[in-house]
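Please read the points below with the sequence and the structure open side by side. They are meant for someone new to this entry.

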Amino acid sequence: MFSKIVIRNVGLLKAFDTPNAPKLAKLTLFYGRNGRGKSTLTSVLRAARDGEAATVLGRQSLGNGGAAPKVALISTGGTINFNNGRWNTRGAPVEVFDTAFITDNVYAGELIELAHDRGLFSIIIGADGVRLAKHLERFNAIAKTCATALKEAEVALADDVPSDMSKEEFFALGPNPDYAKRLDATERALKAVQQADKIAALKALEALPVPELPAGLPAVLASTVAEIDASARRRLLEHFKRFGLDKKGEAWISYGVEHIHDDACPLCGRDDVDAEGMVTLYGQIFGETYKAHLATITTASTELEDVLGEDARTGLAGRIATNADGAAKWAEYVALVTELPEVSELGTHVADAHKGARALLDRKRSSPLDVIEAIDELAEVGRSLGSARELIDKYNAAVEAINEATKKSVAAAPTTETAATLARDNVKKRMARHNPGVQSRVDAFFRAKRRDERARNTRIRIQKALKKANEDAAAHYHQRVNHYLGRFGASFTISKITNSMQGNAGQTDYGLLIKGETVSRGRGRPADAIPTFRNTLSAGDKTTLALAFFLAKLDSDNSLHCKTLVVDDPLSSHDSHRRRETVNAIKDLCGRCLQVIVLSHDEFLLREVERRCVGVPCAAFQIDFDGGDEWSSVSAVDLDKLCRAGHAKMIEEIVAYVDHRQGAADDVVLKVRQVLETHYRRSYTAYFAHDRNLGGIVKDIADEGVAHPCHRDLGRLENCNDATCDKHHGDDAIVLVKRDVDPDGLRVVAADALELIGARRPAAATPVTRPAPAVTALTP
């Protein structure tokens, strides 16, 4: 912890020397108006942290005869000196928040550049992450060199590796006696390419159709005509027997019935034959139903000829001969996996089946009305067909195998002479795998590959470690920054933080979330019409965002208890709520840091910090010009006295009036207005103009409504305004005559005013009756 700071010849700090009594304390406060050297002091402390000399040398005091800068930071751990243009040590335990932090890391005026992304990256991932990033950068270069060497070794093998296999497959090849046969096959394939037109003319073999009996043949044989009753059939048979017609008579009479006209019988040539009754009987038996029955028998006979007849058997024989010829031609170009089986007995089996079925249908045609069961005969026909099917199934299986083999062979065969040559050369490269020259190039490749793998694996390990550090840090900052933005009452949050190593240098990016919409940071100078940080953040928002990042950084610092925290003017453009939260944050840091130094041009802020950090050893100093040369010096100061001016005296007079009725009511009523105006102007600088009167303050609060931080005070402020405005303004010459101030009513109003400005606690206030103000309210 620093106990004394001595600075010579740096900016306005020509002879800056903090007093020995009091020494710098755990909480040290520096008050100074603008242009007194606070930023210079902050820059010196940051330079001590970084061990950086340029900042100190660049701020050398002008008009001082060129005297060299000197710095002595005296602490319990030793003295850090800057002398002869350099620091005696590097890495003072200091963390600094000021405009430089905002400029370098978060936001710089109107422009965000790559440098801001990289600066914030180093903050977010921390010192360990930065070391990992540098380590990764080194191994990126090593990996690049190894990758180049591996590529060169791979190029050297380009003419050795067959084009139809991977390097790994080529490396694993062993001697193979079959390569001679494969080389011969590729030579023949090359020759086949030259006869591609002949191969294109060849057709696939055709499968033989499987012969089947006509559908429902047993049903046809067993069918009859149900409409012909038994007596009619008996009479018909007797008639046939009488005339010796036998079975042929049925077909003969059926034909004759079709030619009966006007009862003239074509069988006997006599008229009126129906008188005998036979013509009528013929019509009953040989009608339309009988004709349909005969047609079914005829159809079955025709189908039988189509599938098993001589033409069908001739077709089978022709297809067998064609397939045999085609297989022989294919065998000239393709190694057939099988041969066509012998099927010479196929015709015999089909002919036997045809003969048996034909005999059964002939019997049916000769006696259509008889039921022909013929179980044995049909079974014999089935056996003949089964033998035929067995031969055909074997034959068709061979046809399918041959067609598949030829199809694959044609598909795999080289389409051009170049491709066929390449296939042949690939076999030659396989045969040369273990030649000494090839083996030496393979060994060189493996050596380069091992080096490349080691470099890449090391880089991957570092990348994983850096990625995890990035993810952990990004998650921490996303959560903590938004936490602090919420505490500060910001109207925006930040989106998920992304860290990357693009270009081997760390970068950080994030966006704003405003009312559910994302606003990018807008690196460079984007168009004005696009929402970015530049046109959506107010000056107070920018400072708040930077402070949130700074506080999040401190949250992740495990060595914070050993460091001095320096905060320079943290409340630029802050409203009262953010002011209070900033003071609370400083109080919290006092318990976590070795030392906290706060510099500000606002003495009231410093007094708030001092009062809020009750119990923390505190020393306050004022930086001001010493003498006519305007060189800054430092001296101890009492912040209460520094802040106690006319405003404090007026408060004391109001307290005396409320508690002891001391003072004139006409004087006190004006002081009530003045202390209220002073308090609200100072405490809420972001909401009230510096010269806003009480009536205007009340109106501003009422106009903004509940969103205004002072809305809770509106009723009591209106009461104070109404009760005091008559003495503040002149008489209304037309409406009414002004009345004097009621002393009792004024005590109530004055007590309210003291509570509103925080000069009196409500519980400690003297109980007074609160009658309605006696002064008639006028518009201020």
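1. Basis. This is a predicted model, in which local features need pLDDT of at least 70 and side-chain atom pairs count only at pLDDT 80 or more, while totals for chains, interfaces and linings use all residues. Residues are numbered from 1 along each chain as its sequence is written, and side-chain values use heavy atoms, with hydrogens and water left out.

2. Overall content. The protein has 27 helices and 16 strands; helices (H or I, at least four residues) and strands (E, at least two) are DSSP runs, numbered from the N terminus. Of its 780 residues, 42% are buried. Buried means under 20% relative accessible area, exposed over 50%, and partly exposed in between, with a 1.4 Å probe and protein chains only. The accessible surface is about 40,400 Å², and carbon and sulfur atoms account for 51% of that surface; such areas come from the Shrake-Rupley method with a 1.4 Å probe, and for residues only the protein chains shown count as cover. Among contacts between residues at least 6 apart in sequence, 72% join residues at least 24 apart, where contact means heavy atoms within 4.5 Å.

3. The six-stranded sheet. In what order do the six strands of the open sheet run? The order is β7-β13-β14-β3-β15-β16, with mixed pairing. The edge strands, each pairing on one side only, are β7 (94–97) and β16 (631–636). Two strands pair if DSSP finds at least two bridges between them. On average, neighbouring strands are turned by 20° against each other, direction ignored. Axes here are lines fitted to C-alpha atoms, for helices over the stretch in contact, and angles run from 0 to 180 degrees between N-to-C directions.

4. Pairings within that sheet. β7 and β13 are parallel and share four bridges, with Val 96 opposite Val 566 in β13. β13 and β14 are also parallel, joined by five bridges; Leu 565 has Val 596 in β14 as its bridge partner. Further along, β3 runs parallel to β15 (residues 618–626) and is joined to that strand by five bridges. Leu 27 faces Cys 618 in β15.

5. β13 and its cover. Five of the five residues of β13 are buried. In a regular strand the side chains alternate between the two faces of the sheet. In β13, Thr 564, Val 566 and Asp 568 point one way, whereas Leu 565 and Val 567 point the other way, all of them buried. α19 packs on the sheet and touches β7 and β13, its direction making about 165° with that of β7. α20 lies across β3, β13 and β14, at about 155° to β14.

6. Cores. A nonpolar core is a set of buried Ala, Val, Leu, Ile, Met, Phe, Trp, Tyr and Cys residues joined through side-chain atoms within 4.5 Å. The largest has 48 residues, of which Val 481, Ile 494, Leu 545 and Val 596 touch the most other members. Elements supplying at least two residues each include α17 (436–487), α19 (539–555), β13 (564–568), α20 (576–590) and β14 (595–600). α19 gives the most, with nine residues. A second, separate core of 32 residues includes Val 675, Leu 717, Val 749 and Leu 756.

7. The three-stranded sheet. A second open sheet has the order β8-β11-β12 and antiparallel pairing. Its edge strands are β8 (493–494) and β12 (517–520). β11 (residues 511–514) and β12 are joined by four bridges, and Gly 511 stands opposite Ser 520 in β12.

8. Ser 495. This residue lies in the loop between β8 and β9 (498–500). Is Ser 495 buried or exposed? Ser 495 is buried, at 17% relative accessible area. Leaving aside neighbours within four places in sequence, Ser 495 is in contact with His 478, Tyr 510, Gly 511 and Leu 513. Its C-alpha atom is separated by 5.8 Å from that of Leu 512, 17 residues apart along the chain.

9. Cysteines. The structure holds zero disulfides, a disulfide being a pair of cysteine sulfur atoms within 2.5 Å. Cys 593 is buried at 3% relative accessibility, and Cys 643 is buried at 4%.
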